[in-house]
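Open the model in your viewer and follow the stops below in order. Each one says what to select and what is there.

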Amino acid sequence: MAEIIDGKKVSSEIRAEIKDRVVELNKTYGKVPGLAVVLVGDDAASAVYVRMKGKGCEEVGMNSYQHILPGSTSQDELLTLIDKLNNDSNVNGILVQLPLPKQIDEKSVINAIDPIKDVDGFHPVNVGKLVADDECFLPCTPHGCQILINRHVKDLKGKHLVVVGRSSIVGKPVANMMLQKNDQANCIVTVCHTAAKDISVYTKQADILVVAAGRAMTVTGDMVKDGVVVIDVGVNRITDPADSSKTKIVGDVDFDSVAPKAAAITPVPGGVGPMTIAMLLSNTVKAFEMQNR
Ligand code: NAP
């Protein structure tokens with residue numbers, strides 16, 4: 001049976017380090033990093049994520065500024081707020097919770113965030129720097145995946161890492177990070193998506209498999225080889241098979257059939273999820289440091 005990759009534990013270790021760093025920064029600069037989180041509308045899942053991000057800031061001693069706007073907010077109104085946050089020296093990081101309501105163009109909003117405050121790592125400047133292998137804000141979920149992989153696979157050089165999914169938020173940045181020529185990566189990377197006739201052709205070759213498809217049961221036990229390390233990014237709410245009156249959260253991987261073959265696997269919940277917030281806090285500290293150089 002696979003070793004369980006405990007994202008909660010790794011995340012709490014990283015958060016403890018961040019907390020110590022915030023104390024040091026406060027001693028040096030007489031102020032602490034601040035993260036502004038913007039939520040537009042009343043999507044229940046997004047509201048939970050925003051609350052968790054605020055709580056995460058408080059726990060490590062950072063300031064959190066929450067801007068909760070009505071679902072009817074116009075693009076201009078949101079851009080005006082972003083401009084204000086870009087110019088607020090107490091705000092080191094800006095995160096706009098996605099998705100945004102239909103009347104707002106996500107790309108315009110992301111492009112309006114000052115790249116030096118773009119702690120999500122979604123601004124084209126940071127995306128370009130990632131691809132060009134320059135210093136940048138790494139997107140939080142992919143960076144969390146990379147850290148979990150590094151804790152469980154020694155000597156990544158030449159390992160075949162297969163990513164299922166090519167979104168700009170997860171699949172593509174994971175692939176770009178793990179392709180880089182450094183000790184935390186240096187993998188042979190394959191990315192597959194819905195144009196593949198049969199993704200198992202690729203997933204069966206994986207030494208490390210990162211699954212970010214957004215569909216439960218995308219990868220089952222017959223699609224992986226023995227000894228694979230599996231990072232399941234998916235978050236899907238399904239009807240609980242044990243009790244149809246309830247729902248439960250599962251990943252994109254069929255844990256029950258994949259875990260017996262895997263060397264290590266992330267659970268859902270408790271795997272990648274907790275890492276995302278830890279990496280967001282880490283990026284906010286980095287933003288503070290860059291802005292106070
Ligand atoms: P997304 O934008 O919907 O992208 C899904 C990708 O998977 C697409 O590239 C799609 O291919 C591909 N895909 C879907 N079904 C497939 C299949 N059967 N075979 C092969 N490829 C398939 O999703 P996302 O934003 O990357 O998120 C992925 C999952 O991660 C979601 O469940 C999301 O909730 C979760 N997530 C979790 C966290 C966290 O903190 N834990 C953060 C972000 C996302 P095409 O491009 O061809 O359509």
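Is Tyr29 buried, partly exposed or exposed? Select Tyr29: the residue is partly exposed, with a relative accessible area of 37%. Keep in mind throughout that this is a predicted model.

**The aromatic pair**

Tyr29 and Phe288 form an aromatic pair in edge-to-face geometry, 5.5 Å centre to centre with 80° between the planes. The count of aromatic pairs comes to 1. Tyr29 lies in helix α1 and Phe288 in helix α10, so the pair ties together parts that are 259 residues apart in sequence. Phe288 has a relative accessible area of 1% and is buried, because the cut-off for buried is under 20%.

**Ile277**

Stay on α10, which spans residues 272–291, and select Ile277 within this helix. Ile277 counts as buried, at 10% relative accessibility. Now show its surroundings: leaving out residues up to four places away in sequence, Ile277 touches Arg15, Met52 and Lys53. For a distance check, draw a line from Ile277 to Ile231: C-alpha to C-alpha they are 17 Å apart in space, and 46 residues separate them in sequence.

**The largest pocket**

Next, display the largest pocket, with a volume of about 1400 Å³. Its lining has 49 residues, and Tyr49, Thr141, Val235, Gly273 and Thr276 are the closest to its centre. Colour α1 (7–29), α2 (44–59), β4 (93–96), α6 (140–152), β9 (236–239) and α10, each of which supplies at least two residues of this lining. Which element gives the most to the lining of the largest pocket? That is α2, with 9 residues. Coloured by class, the lining of the largest pocket shows 26 nonpolar, 13 polar and 10 charged residues.

**The second largest pocket**

Move on to the second largest pocket, whose volume is about 390 Å³. Select Ile110, Phe122, Val127, Ser168 and Ile169, which are the closest to the centre of this pocket among its 19 lining residues. Helices to show here are α4 (106–112), α5 (124–131) and α7 (171–179), each supplying at least two residues of the lining. The largest share comes from α5, with 5 residues. By class, the lining of the second largest pocket has 11 nonpolar, 5 polar and 3 charged residues.

**Last view**

To finish, show α1 and α10 together: each supplies at least two residues of the lining of the largest pocket, and Tyr29 in α1 pairs with Phe288 in α10.

Methods. Residues numbered from 1 in each chain as written. Predicted model: local features only at pLDDT ≥ 70, side-chain atom pairs only at ≥ 80, totals over all residues. Heavy atoms only, no water. Helix = DSSP H or I, 4+ residues; strand = E, 2+ residues; numbered from the N terminus. Buried < 20%, exposed > 50% of the residue type's maximum accessible area, 1.4 Å probe, protein only. Contact = heavy atoms within 4.5 Å. 1 Å grid on protein atoms, 1.4 Å probe; cavity = no way out; pocket = protein on both sides within 12 Å on 5 of 7 lines; lining within 4 Å. Points joined across faces, edges and corners; volume = space filled by probe spheres on them. Nonpolar A, V, L, I, M, F, W, Y, C, P; charged D, E, K, R; others polar. Phe/Tyr/Trp six-rings, centres within 6.5 Å; stacked < 30°, edge-to-face > 60°.
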